[in-house]
Amino acid sequence: MSLQVEIEKKLNDKVLSVSFDTEGKQGITGILGASGCGKSMTLKCIAGIETPDRGKIVLNGRVLFDSGKKINLRVQDRHVGYLFQNYALFPNMTVEENIAAGFKCRPGQKMTAEEIKRQTADYMELLHVTELKSSYPGKLSGGQQQRVALARILASDPEVLMLDEPFSALDAFLKEKLQLELLELLSGYDKDILMVTHSRDEIYRFCEHMLIVENGRQAGFGATKEIFKNPGTPAAAKLTGCKNIEKIERVDDHTMVLPNWNTTVCVKGMIPENTTHIGIRAHYLRLPENGQRENLVECQNGKILDDPFELVVVFEHDVWWKIPKESWQKEYQEKMPQYLVIPEESILYLHG
């Protein structure tokens, strides 16, 4: 299975420009970015709901769109399954009728009424909505609507499944429960899956590969865990949750200055020549050991953001520090440190 996308589209205040290929990649491909960056527009262009200004979209060898050759298949001819944020169920149809509608959209297949009824029952059982078969969408919870919408899409047998912010309308408790259910349901799905989200946690949990989009521009594409480990660019580091991203002045192969933090950092390893910034995730900063005087960040005027299980402390010069509450109480005696250390092994070298 493969999906090749290389498109550009002018939006109100930016140009959406992305290029990726899922061939040879297993699992779900995530598209991560802030609201309004162009994530959903990318899916709409693949589905044919929106038309790119230029580029090419190829699904399993079938050209869906090619601006150069003036090819632009209709939505119904693309064989793409799109789970919208609001699920887009037919309000005047029951659960059973909504799912049955999916079978009627299968490309090149004509099924008898009996076959549709039997397979609809199978999909209702698979998605745990059999007891809701006679209910209308307006009577369903968000989680129930999601399962019905997914059943309808799978019933249409799409060549690619696209999930647009599938958990955005759910409360926190239900969200985690449905994430586990969806992971189980999709584990045996053998076709391409794209998932759009602004949540780095969802990307990390679900997606083997990820595309990062910032303000319409592609800021990274690759294996998810590798990108979290080595984001490469400030934009990618920010979107994967890194709070401390600082511009540097490279002195030599092992020394750099962080002007905003008013500190010099010395490392044993080589600082890449193209490094323009470094990133330090907030929970990696720690106390100096044994009178350590190198690679220190001064901590001034800390302001505490109190989370349920950890503290987030923001110091002057935008220094972010995260610490478990238990450590804050036992190790720090609830006293602000004067300095924190930047451990060499925690440094993310960034460029661009």
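The chain exposes about 18200 Å², of which carbon and sulfur atoms supply 48%, with accessible areas taken from the Shrake-Rupley method with a 1.4 Å probe, and for residues only the protein chains shown counting as cover. This is a predicted model, in which local features need pLDDT of at least 70 and side-chain atom pairs count only at pLDDT 80 or more, while totals for chains, interfaces and linings use all residues. Residues are numbered from 1 along each chain as its sequence is written, and side-chain values use heavy atoms, with hydrogens and water left out.

**The chain as a whole**

- Along its principal axes, the C-alpha trace of the chain spans about 80 × 50 × 35 Å.
- Of the 352 residues of the chain, 49% count as buried, where buried means under 20% relative accessible area, exposed over 50%, and partly exposed in between (1.4 Å probe, protein chains only).
- The chain holds nine helices and 22 strands, which are DSSP runs numbered from the N terminus (helices: H or I, at least four residues; strands: E, at least two).
- Among contacts in the chain with a separation of 6 or more, 62% come from residues 24 or more positions apart, a contact being heavy atoms within 4.5 Å.

**Helix H2**

- Helix H2, residues 95–103, is mostly covered, since eight of its nine residues are buried, and these include Val 95, Ile 99 and Phe 103.
- The cover over the buried residues of H2 includes helix H3 (113–126) and helix H4 (142–155).

**An open sheet**

- Three strands form an open sheet in the order E12-E16-E22, with antiparallel pairing; two strands pair if DSSP finds at least two bridges between them.
- Strand E12 (244–247) and strand E22 (348–350) stand at the edges with a single partner strand each, so one side of each is left without a neighbour in the sheet.
- Neighbouring strands of this sheet are turned by 25° against each other on average, direction ignored, with axes as lines fitted to C-alpha atoms, for helices over the stretch in contact, and angles running from 0 to 180 degrees between N-to-C directions.
- E12 and strand E16 (residues 277–280) pair in the antiparallel sense over four bridges, and Lys 247 stands opposite His 277 in E16.

**Cysteines**

- The structure holds zero disulfides, a disulfide being a pair of cysteine sulfur atoms within 2.5 Å.
- Cys 37 is in no disulfide, and the nearest cysteine sulfur, that of Cys 45, is 13 Å away.
- Cys 37 is buried, with a relative accessible area of 3%, whereas Cys 105 is exposed, with a relative accessible area of 56%.
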